[in-house]
Every structure is written in structure tokens, then in C-alpha cells.
Amino acid sequence: MELASQRPISQITVAELADRAGVTRATFYNHYSSPLELLIHVLLVDLEGAHRVEEERRAEGDYSAAQMLRLTTADVAAHIERFQALYRHAVRDAADGGVYEALVRHFADYALTFLARCTHPDLPDVDHQVVAQFVAHGFAGAIKVWLGDDTLTTAEFVDAAVAAAPVWWS
């Protein structure tokens, strides 16, 4: 994570990672095929932690749907902020597009799960795969804009993302 914050993951070698971790290259390759795969794994584990918090909130039942949307969006924003430098590399360097693509896949998977349990009366009766991809690319695109605009605050990003969510999402 430290190296990926300093420069694009496409410029980090397995030898460098193995040396920093105190393991052999063979040990690295026993677990991951590339530095990108390792980075994506770590980022997704962190995002999954936010989803566990969301599920705990949902189980408590103390939050409205609108509050859940705002809290969940803020949790994702906090994740992006924690790893802001490496996400900025990922959206600026075409060779690091795998990080952005993994983020889109993660959001699409999340959206499919959400759609499967959604009971909102305005949920359209259309293909959920298409809707999940639409939502995922829109949310990831909003993150890309936020990362590229140093004047846009986290609160402004959260406000805009929540406002752009379909009415049936909350």
C-alpha cells in the first residue's frame, strides 16, 4: 500500500514487493500473480469491512433507508480517502486501469446484492445486471471526478452521490 501510494502499481515489481515483505519472489507468486492482484485484494478486503459495518447497522434497524444510503456512501468515501494517493495513480495512469475496473466490479456485485433484496415499490422490473452495471459505473465515475478535483470536498462528493442515487435505492 505504501509503494502504491508513492507511484503507480504498474511501476512496482514483484522483486521490490518481496524484498519489502521479507519473502522470496516464489512465495509471492504462491499467493498472487502480480502486484496489481495483491493491491486489489487488499483494497477489496478494506471495502468488505465497510460492508460488514453496513450489515451491522441494517441489523440494528435504527436507520432509515436514506440514512443508510448516506452512511454507506460516506463509508466508501472514507475508504477512498484512506487510499487516495493510490486511487489517484489508478485513475490517472492507463496502465493501472485494473484498480478502477476492480472498483467497478465491486460496486456492480454490491448493486446486484442490493437489487436482490430491494423491496422498494419503484424498483423497475428490468434486467438487474444492466442496472447494476449502470449504477456501478456511475458511482465509480463520480469517484473519478472527485479524485480529479482538489476543490471537491468529501461532504460534497457524498451529497452529490446520494442525490444521484435512484429513488428506489433508498
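Mentor: Let us first settle a term: helices here are DSSP runs of H or I with at least four residues, numbered from the N terminus. Please also keep in mind that this is a predicted model.

Trainee: Which helix gives the most to the lining of the second largest pocket?
Mentor: The second largest pocket holds about 190 Å³ of space. Helix 1 (2–6), helix 2 (14–21) and helix 4 each supply at least two residues of its lining. With four residues, the one that gives the most is helix 4.

Trainee: How many residues of the lining of the second largest pocket are charged?
Mentor: The lining includes Met1, Leu3, Ile9 and Val42, and also Glu2 and Arg20. Asp, Glu, Lys and Arg count as charged. The lining divides into ten nonpolar residues, no polar ones, and a number of charged residues that comes to two.

Trainee: Which helix gives the most to the lining of the largest pocket?
Mentor: About 710 Å³ of space lies in the largest pocket. The elements that give two or more residues to its lining are helix 4, helix 5, helix 7, helix 8 and helix 9. The one that gives the most, with seven residues, is helix 8.

Trainee: How many residues of the lining of the largest pocket are nonpolar?
Mentor: The largest pocket is lined by 34 residues, and Leu69, Val135, Ala165, Pro166 and Trp169 lie nearest its centre. Seven residues of the lining are polar and three are charged, while the number that are nonpolar is 24.

Trainee: Which residues are linked with Glu54 in a network of salt bridges?
Mentor: The count of salt bridges in the model comes to ten. Within the network, Glu54 is linked with Glu55, Arg58 and Arg117.

Trainee: Is aspartate 150 buried or exposed?
Mentor: The side chains of arginine 88 and aspartate 150 meet in a salt bridge at 2.9 Å, N to O. The pair links distant parts of the chain, with arginine 88 in helix 6 (residues 84–92) and aspartate 150 in the loop between helix 8 (128–148) and helix 9 (154–164). Arginine 88 is buried at 18%. At 63% relative accessibility, aspartate 150 counts as exposed.

Trainee: How does glutamate 16 count at 25% relative accessibility, and what is its partner in a salt bridge?
Mentor: At 25%, glutamate 16 counts as partly exposed. Its side chain meets, at 2.4 Å from N to O, that of arginine 7.

Trainee: With which residues is aspartate 75 in contact, leaving aside its neighbours within four places in sequence?
Mentor: Aspartate 75 lies in helix 5 (residues 65–82). With a relative accessible area of 19%, aspartate 75 is buried. Apart from those neighbours, the residues in contact with aspartate 75 are Ala50, Val53 and Arg57.

Terms used: Residues are numbered from 1 along each chain as its sequence is written. This is a predicted model: local features need pLDDT of at least 70, side-chain atom pairs count only at pLDDT 80 or more; totals for chains, interfaces and linings use all residues. Side-chain values use heavy atoms; hydrogens and water are left out. A salt bridge is a side-chain nitrogen of Lys or Arg within 4 Å of a carboxyl oxygen of Asp or Glu. Buried means under 20% relative accessible area, exposed over 50%, partly exposed in between (1.4 Å probe, protein chains only). Contact means heavy atoms within 4.5 Å. On a 1 Å grid over the protein atoms alone, a cavity is a set of points where a 1.4 Å probe fits but cannot get out, and a pocket is an open set with protein on both sides within 12 Å along at least five of seven lines; lining residues have an atom within 4 Å of a point. Grid points are joined across faces, edges and corners, and a volume is the space filled by probe spheres set on the points.
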